[in-house]
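Student: Could we go through the helix packing and the sheet of this model together?

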Amino acid sequence: MSLESSTELIRGNMGEDSGLGATVKFDLGDDGIIFLDGKAVPNSVSNDDADAECTITMSMEDFESMLAGDLDPTTAFMMGKLKVDGDMSIAMKLSSVMN
């Protein structure tokens, strides 16, 4: 899976109104950024490096495993594979756009 295909998958999952109501940035290191704007109407997903209320840092490999359902986000957090900077309550709402 590539950054582009991951971005498209999340874009499809978010739809026009995900109910997220916040901005989230997935920082995938050298592989790039996926920025979710759940405040915009309709919601948008891009690869822009913009300021977000919640930034989640992880490897592309772990991100893909999470999207595929092979890696539980809570487990990834506990194992240190996923780091959250900013509003943790926003990170908790992300399951609606990840699955």
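This is a predicted model: local features need pLDDT of at least 70, side-chain atom pairs count only at pLDDT 80 or more; totals for chains, interfaces and linings use all residues.

Tutor: Residues are numbered from 1 along each chain as its sequence is written, and side-chain values use heavy atoms, with hydrogens and water left out.

Student: At what angle do the axes of α1 and α2 cross?

Tutor: Helices are DSSP runs of H or I with at least four residues, and strands are runs of E with at least two, numbered from the N terminus. Axes are lines fitted to C-alpha atoms, for helices over the stretch in contact (heavy atoms within 4.5 Å), with angles running from 0 to 180 degrees between N-to-C directions. The axes of α1 (residues 3-14) and α2 (residues 60-67) come within 11 Å, and they cross at roughly 35 degrees.

Student: Which residues of α2 are buried, and why are they on the same side?

Tutor: Buried means under 20% relative accessible area, with a 1.4 Å probe and protein chains only. The buried residues are M60, D62, F63, M66 and L67. They lie on the same side of α2 because the directions from the helix axis to their C-beta atoms cover an arc of only 160 degrees.

Student: Which strands are the edge strands of the sheet?

Tutor: Two strands pair if DSSP finds at least two bridges between them. The open sheet has 5 strands in the order β3-β2-β1-β4-β5, with mixed pairing. Each edge strand pairs on one side only, and these are β3 (44-46) and β5 (82-86).

Conventions
Buried means under 20% relative accessible area, exposed over 50%, partly exposed in between (1.4 Å probe, protein chains only).
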